[in-house]
Amino acid sequence: MTNIVSARVLVMDASYNEADRAVAEVIERLDLGSWLGGLRGKRVFIKPNMLGLFEPEKHVTTHPSLVRALVRLFRSVGAEVTVGDNCGAGSYGMTERVGKKTGIAEASEGAFVNVAKDSIERSLDSKYMKSVVVSRAMMEADVLVSAPKLKTHSLTLLTGAVKNSFGFVAGGSKGCAHASAPTPQHFGRLLSEIFALRPPDLTIMDAIVCMEGNGPSSGTLKKVGRVMASTNAVALDASACRMMGVAPEKVRHLRRAHRLGYGPIAAEAIELIGTLPEARFKLPRTAGGLGPVMRVVNQGFFGRLSREKLSLNEKKCKRCKLCVDGCPTGAMNFDKFPSIDHNKCIRCFCCFELCPESAWELRGPLSRLLRRG
């Protein structure tokens, strides 16, 4: 039997200019005052979304104002605070570059650490990987606070609280994870198993300015004006899905995390504090918006015609090679510009999401034609 866990999810109006007020209100409205007061001398790790080299105004990563507010909140009660993430790709030095570019390092007010430099291997209850290399500071913190950004995602449909835990994974293990679980179905299962290594104690989600469409980095910004919070990441994501107009059961990693017993996704099992706005996000083109029609078209011969492909817009490309370095299967080549060997490509969309210039684009003439109909 699946262990259904009742949970509370807070939804509240918020702005980046009043982030301090927002995080204080989270503690008050979730009745966490006593918990917060007991954190003196405890190690608190704050884990934002630090996907790659994106400025704060692009809203690809967690906004620095929210990170700063969290650092100040936990320091105010005498906690030992650390901030960090394993960014999408690159060498260990990339983490420091991303911290600076996103504004998160400065916002951390001395608490930012390159957690990729100190990692440990953890066994994984998964058929895809026996173990995974993760950052020690995240695993060994007394309290883990997840601060994700709410966005659509071309591989996982949603990137939020559960997906933020993929940032546990350090170094080459990220590429190994994608290569070991190459399909969206398999990667969703693996993602939930990585989440299970260390579910966060508190999640505070940046849903103030979100992203819809071809996220997590090439989509369209969508102002929602909310902070969402819960002590249960699965319930939080399920509530975010409903706000977006997505059934939580359609998000593979969320459905799997629920089945593993880490939280409810049914509306009746979640107590909402506040009201979910009807935001209705546009979904990635990889989501197959036509449902049954697209599934029929994708079968057999026409599948090759209708399938979205990644294509490089050379006018946007700055030849930084982040996509080449981040490819988990070695499908990327570089000769003046990066290119994809589609025989090796597993469609993990790492190149697509890591590009700071959004130079990789999804193209598919037949599917676009069908969507117009």
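Mentor: One term first: contact here means heavy atoms within 4.5 Å. Also keep in mind that this is a predicted model.

Trainee: Got it. Then what is Val246 in contact with, leaving aside its neighbours within four places in sequence?

Mentor: Its partners are Leu157, Cys241, Val251 and Leu283.

Trainee: And where does Val246 lie?

Mentor: You'll find Val246 in the loop between helix 9 (233-244) and helix 10.

Trainee: Buried or exposed, that Val246?

Mentor: Val246 counts as buried, because its relative accessibility is 9% and the cut-off for buried is under 20%.

Trainee: Let's zoom out. How many helices and strands are in the chain?

Mentor: The chain has 15 helices and 15 strands. It runs to 373 residues, and 56% of them are buried.

Trainee: What share of the contacts joins residues at least 24 apart?

Mentor: If you take contacts between residues at least 6 apart in sequence, 73% of them join residues at least 24 apart.

Trainee: On to helix packing. At what angle do the axes of helix 1 and helix 3 cross?

Mentor: Helix 1 (residues 19-29) and helix 3 (residues 64-75) have axes that cross at roughly 55° and come within 8 Å. The two helices are therefore oblique to each other, and the crossing is right-handed.

Trainee: Which residues make that contact?

Mentor: Helix 1 brings Ala19, Asp20, Val23 and Ile27, while helix 3 brings Ser65, Leu66, Ala69, Leu70, Arg72 and Leu73. Sorted by class, the contact of helix 1 with helix 3 has seven nonpolar, one polar and two charged residues.

Trainee: How do the axes of helix 8 and helix 10 cross?

Mentor: Helix 8 (residues 184-195) and helix 10 (residues 252-259) cross at roughly 45°, with their axes coming within 8 Å. That angle makes helix 8 oblique to helix 10. This crossing is right-handed.

Trainee: Which residues meet there?

Mentor: From helix 8 come Pro184, Gln185, Gly188, Arg189, Leu191, Ser192 and Glu193, and they meet Arg252, His253, Arg256 and Ala257 in helix 10. By class, the contact of helix 8 with helix 10 has three nonpolar, four polar and four charged residues.

Trainee: New topic, the backbone. Where is there a cis peptide bond?

Mentor: Gly215 and Pro216 are joined by one, with omega about 15°. Pro216 sits in the loop between strand 9 (202-212) and strand 10 (220-230).

Trainee: And what is phi for Arg319 and Lys321?

Mentor: Arg319 has a positive phi of about 55°, and Lys321 has a positive phi near 70°. Neither residue is a glycine. Most residues other than glycine have a negative phi.

Trainee: Where does Arg319 sit?

Mentor: Arg319 is in the loop between strand 12 (309-312) and helix 13 (322-326). Lys321 also lies in the loop between strand 12 and helix 13.

Trainee: What relative accessible area do they have?

Mentor: Arg319 is at 47%, which means partly exposed. Lys321, at 39%, is partly exposed too.

Key
Residues are numbered from 1 along each chain as its sequence is written. This is a predicted model: local features need pLDDT of at least 70, side-chain atom pairs count only at pLDDT 80 or more; totals for chains, interfaces and linings use all residues. Side-chain values use heavy atoms; hydrogens and water are left out. Axes are lines fitted to C-alpha atoms, for helices over the stretch in contact, and angles run from 0 to 180 degrees between N-to-C directions. Helices (H or I, at least four residues) and strands (E, at least two) are DSSP runs, numbered from the N terminus. Angles under 35 degrees count as roughly parallel, over 145 as roughly antiparallel, 65 to 115 as roughly perpendicular and the rest as oblique. A crossing is left-handed if the near helix is turned anticlockwise from the far one by less than a right angle, and right-handed if clockwise. Ala, Val, Leu, Ile, Met, Phe, Trp, Tyr, Cys and Pro count as nonpolar, Asp, Glu, Lys and Arg as charged, and the others, Gly among them, as polar. Buried means under 20% relative accessible area, exposed over 50%, partly exposed in between (1.4 Å probe, protein chains only).
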